[in-house]
Amino acid sequence: MGSRAQAAPRYRDPVPAFGTAAPEAIEDALMRLAAENERHLSALPEEAGCFREPRIVEFMFLLADKWRLDQAARYQAVELLERFMTKQVEQMAKSSRKHCEQGGGSSWSSLEEQIYNTFVLRLVSCIQLASKLSLHYNRVNSDVALKFLQSLKFSYTKQELLESELAVLKALHFQVNVSTPLAYVELLLEVLGYNGCFLPTKPLHQMCIELLDFSYLSRDAIYDTLLKTTIENSAPSKLQVAKFLTVKEDFMLLAVGIISTSMFILNPGHWKQVVEHLNCITGITSQSIREFSNAVLKQVIGSTTPRQCYRSCGTKALEHRIGPLQ
């Protein structure tokens, strides 16, 4: 029976029922997501994004697939872990500084060891919590989680597993149902359809999911390409990298870039129209959207077709998102 779960095919979500929401509900949801995104960007810690490291994301995606979780739960789990670990690092750094100020010397090495020793447990707890937030019937209960941890030679008890979930919830002040990039993508697809933009809904939605997965797994390479394109320099300074963090953490930009790239792959004849619609909806310039698509495609197939098609447009469009990069 144990091998059956490992051999189970990856669960595929049904395509959302686009075109059924009321216009007022769509507008309210878009305004809420935009405001949430801006709040997130206005209070970014220096460590933001550190725990979306590709190996961590791949491990979580594979585990979510093993437990047959839906797409929303997979992304929610990654974002929960990112937010929790960032909070934990911040709190431990403050504790270490306070310890030093009191003349006790640096305790960072012991704190780092504590993070390392509990990391897999916290990761599993984030997947459990995400599965409980999902509308899909598959939830990762304590027995399933413990069996997995035991297979990795951990000897946690059910009580320790419950305490780990509670530790994540408390660190995040129980604010765990935060929108993921997938929510942004699906809402923008809804808005595009409502605005009369031609969309091959089912294949476009599936392509968006595939590219969103890819963007998580190739995050560093994509944004490194984007940064170098934006500043027109292959050797960005530390200041430029630091200021670019708001671009890397911008879920709205990620969503429009994923939709744009997906449309270019599936139906390049309508790609320009979709980019213009996305510009009108989000206020992100068409050139910024094209630059993002260029960075994604460069990693996917080595092509820079969107940029070549609009070579005369220049390469500074993203600077409006972060100010001059000098």
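Mentor: Let us begin with a term: a pocket is an open set of grid points with protein on both sides within 12 Å along at least five of seven lines. Please keep in mind throughout that this is a predicted model.

Trainee: What volume does the second largest pocket have, and which residues are closest to its centre?

Mentor: The second largest pocket has a volume of about 680 Å³. Its lining is made up of 25 residues, and those closest to the centre are His40, Ala43, Pro45, Arg83 and Lys87.

Trainee: Which helix gives the largest share of the lining of the second largest pocket?

Mentor: Helix 2 (23–42) and helix 4 (71–101) each contribute at least two residues to this lining, which by class holds eight nonpolar, seven polar and ten charged residues. The largest share, eight residues, is supplied by helix 4.

Trainee: How many cavities of 30 Å³ or more are there, and about how much space lies in the largest cavity?

Mentor: Rolling a probe the size of a water molecule over the atoms shows where empty space is left. By the rule for cavities, where the probe fits but cannot get out, the count of those of 30 Å³ or more comes to three. The space in the largest cavity is about 70 Å³.

Trainee: Which residues line the largest cavity?

Mentor: Helix 9 (201–217), helix 10 (219–231) and helix 13 each supply at least two residues of this lining, and by class the lining has five nonpolar, one polar and four charged residues. The residues are Arg52, Glu79, Pro181, Ser215, Tyr216, Arg219, Tyr223, Lys248, Phe251 and Leu254.

Trainee: Turning to the helices, how are helix 8 and helix 13 oriented to each other?

Mentor: The axes of helix 8 (residues 181–194) and helix 13 (residues 251–266) come within 9 Å and cross at roughly 55°, and helix 8 passes helix 13 in a right-handed crossing. Angles of 65 to 115 degrees count as roughly perpendicular and those under 35 as roughly parallel, so helix 8 and helix 13 are oblique.

Trainee: Into which classes do the residues of the contact of helix 8 with helix 13 divide?

Mentor: From helix 8, the residues Pro181, Tyr184, Val185, Leu188, Leu189 and Leu192 meet Phe251, Met252, Leu254, Ala255, Val256, Ile258 and Ile259 of helix 13. The residues of this contact divide into 13 nonpolar, no polar and no charged.

Trainee: How are helix 2 and helix 8 oriented to each other, and what is the handedness of their crossing?

Mentor: Helix 2 and helix 8 pack at an angle of about 140°, with their axes 10 Å apart. An angle has to be over 145 degrees to count as roughly antiparallel, and helix 2 and helix 8 are therefore oblique to each other. The crossing of helix 2 and helix 8 is left-handed.

Trainee: Why do helix 6 and helix 7 count as roughly perpendicular to each other?

Mentor: Helix 6 (residues 142–151) and helix 7 (residues 158–171) pack with their axes 10 Å apart, at an angle of about 105°. The range for roughly perpendicular is 65 to 115 degrees, and helix 6 and helix 7 are therefore roughly perpendicular.

Trainee: Which residues make the contact of helix 6 with helix 7?

Mentor: By class, this contact has five nonpolar, one polar and two charged residues. The residues are Ser142, Asp143, Ala145, Leu146 and Leu149 of helix 6, together with Lys158, Leu161 and Leu162 of helix 7.

Terms used. Residues are numbered from 1 along each chain as its sequence is written. This is a predicted model: local features need pLDDT of at least 70, side-chain atom pairs count only at pLDDT 80 or more; totals for chains, interfaces and linings use all residues. Side-chain values use heavy atoms; hydrogens and water are left out. On a 1 Å grid over the protein atoms alone, a cavity is a set of points where a 1.4 Å probe fits but cannot get out, and a pocket is an open set with protein on both sides within 12 Å along at least five of seven lines; lining residues have an atom within 4 Å of a point. Grid points are joined across faces, edges and corners, and a volume is the space filled by probe spheres set on the points. Helices (H or I, at least four residues) and strands (E, at least two) are DSSP runs, numbered from the N terminus. Ala, Val, Leu, Ile, Met, Phe, Trp, Tyr, Cys and Pro count as nonpolar, Asp, Glu, Lys and Arg as charged, and the others, Gly among them, as polar. Axes are lines fitted to C-alpha atoms, for helices over the stretch in contact, and angles run from 0 to 180 degrees between N-to-C directions. A crossing is left-handed if the near helix is turned anticlockwise from the far one by less than a right angle, and right-handed if clockwise. Contact means heavy atoms within 4.5 Å.
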